Amino acid sequence: MRRSEFDEILLRNAQAKGADVREGCRVRDVQFDADGRGALVVGTHDDGTPFEGRARMVIDASGRDTVLARKFDTKRRNPHHNSSALYGHFTGARRHPGRDEGNITIFWFAHGWFWLIPLADGCTSVGAVVWPYYLKTRDKPLKEFFLDTIALCPALAERLQDAQLASDVEATGNFSYSSRQTHGPGYLMIGDAFAFIDPVFSSGVMLAMQGGFRRPTRSRPACANPRVRRPHCARSTAVCGTGRASSPRFIYRITHPVMRDMLMAPSNVFRVKEALLSMLAGDIYGKTPIWRSIRILKGIFYMLSLGNLRRSIAAARQRRFNITSDAGSDA
Ligand SMILES: Cc1cc2nc3c(=O)[nH]c(=O)nc-3n(C[C@H](O)[C@H](O)[C@H](O)COP(=O)(O)OP(=O)(O)OC[C@H]3O[C@@H](n4cnc5c(N)ncnc54)[C@H](O)[C@@H]3O)c2cc1C
């Protein structure tokens, strides 16, 4: 579904449950009390009028704007990953028949991978996640560059043969980062406000939602009692950190040729296929039984990589080049 519709449902539900929702305004700064017991949030409405509000606990859910991570200068580019994306919406894209109509398709190509996500209203979201060096080669308007990029992947081009681009083409560069800390006296960061890895397999919303479920509800008693705030936040971070810290390294392997081979010819020994799908979908919280299968999957991955050492060394060299060649910030 479209994010705008999903976000509207979440927002109205929060409102119906008693949240004081303010729209059309932007937080400009958060000034924390010296004793860490609260904060003053200041900002402006869209018409320029200022606003401010007191908070016992600030939960930063500002997404890739990373309001608090920028304020504290704790935002760090991810040294293990570096990619950019071009995306737009199409009408008339060919879908799978029957029950598979809504399935997401992933396409590999020479400079990265594509997502094709059928939306409920008939539109299809198509995006290319590419290495920054490729974005640097752009010498034409974004729309043309995007359509030329799609043409590099015949299987995707075939699905879009009768399709029309129905939106502007957007580009975002160099988007993998995390904050060195997730919480401190009087604040927590959740979702993309803390970290963003990669849109691979659509885990971002799931991870952000899980962060929302776990942190704010758990931190409510801590807001009321400053004495329990620090240890409580630390526990809460450990729970969420499990997801964020354990998943990335393997997510980066998704573009490795051995992992591609494994994905294209999946086998489910020791339930490794289910475990990988759970991890890529961001379903990694709580008492999920996937970790044994993930360890086995890693073992298989490393064995296959050793079995084809020359290709693995070439892939490692290429990956290092891809990560270090920088297309700058947002494209
Ligand atoms: C190219 C790309 C493709 C993606 N594709 C997918 C996908 O297919 N599936 C998926 O699950 N995830 C996808 N993601 C990831 C997903 O979009 C994010 O992980 C998810 O939106 C994070 O949710 P969030 O609530 O933390 O932040 P957001 O959804 O970004 O929400 C942040 C909110 O805070 C508001 N805000 C920001 N700054 C301020 C401020 N100063 N004052 C007031 N309000 C502010 C913003 O307006 C916004 O409403 C993709 C990401 C990218 C970059």
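**Note on the predicted model: helices, sheets and cores**

1. Helices (H or I, at least four residues) and strands (E, at least two) are DSSP runs, numbered from the N terminus.

2. Helix 11 has a buried side. S293, I294 and L297 are buried. They cover an arc of only 100° around the axis, which puts them on the same side of helix 11. The arc is that of the directions from the helix axis to the C-beta atoms. On the other side, R292, R295, G299, Y302, M303 and L306 are exposed. Buried here takes 20 or more other C-beta atoms within 10 Å of the residue's own, exposed takes 12 or fewer, and partly exposed is in between, with C-beta atoms placed from the backbone. The buried residues of helix 11 pack against helix 10 (272–280).

3. Basis of the values. This is a predicted model: local features need pLDDT of at least 70, side-chain atom pairs count only at pLDDT 80 or more, and totals for chains, interfaces and linings use all residues. Residues are numbered from 1 along each chain as its sequence is written.

4. Overall make-up. The protein has 12 helices and 15 strands. Buried residues make up 28% of its 331 residues. Of the contacts with a separation of 6 or more, 63% are between residues 24 or more positions apart. Two residues are in contact if their C-beta atoms, placed from the backbone, lie within 7 Å.

5. The largest nonpolar core has 24 residues, and F114 and L116 have the most contacts inside it. Such a core is a set of buried Ala, Val, Leu, Ile, Met, Phe, Trp, Tyr and Cys residues joined through C-beta atoms within 7 Å. Two or more residues come from each of strand 6 (84–91), strand 8 (112–118), strand 9 (124–130), helix 3 (132–136) and helix 4 (142–151). Strand 8 gives the largest share, 5 residues. Beyond its neighbours within four places in sequence, L116 is in contact with A93, I104, T105, T124, V126, L156 and R159. Apart from this core lies another, of 17 residues, among them M57, Y187, L188 and I197.

6. Strand 6 deserves a look. 7 of its 8 residues are buried, so it is largely enclosed by the rest of the structure. Strand 6 pairs with strand 9 over 7 antiparallel bridges, and F90 stands opposite T124. Two strands pair if DSSP finds at least two bridges between them. Strand 11 (residues 170–172) is joined to strand 6 by 3 bridges, also antiparallel; there, Y87 has E170 as its bridge partner. Strand 10 (residues 164–165) pairs with strand 6 in the antiparallel sense over 2 bridges, with Q164 as the partner of T91.

7. Strand 2 (residues 39–45) is joined to strand 3 by 6 bridges, and G43 stands opposite F51. The other sheet has 3 strands in the order 5-12-15, again antiparallel. Its edge strands are strand 5 (75–77) and strand 15 (195–196). Between strand 5 and strand 12 (residues 177–179) there are 3 bridges; R76 has S178 as its bridge partner.
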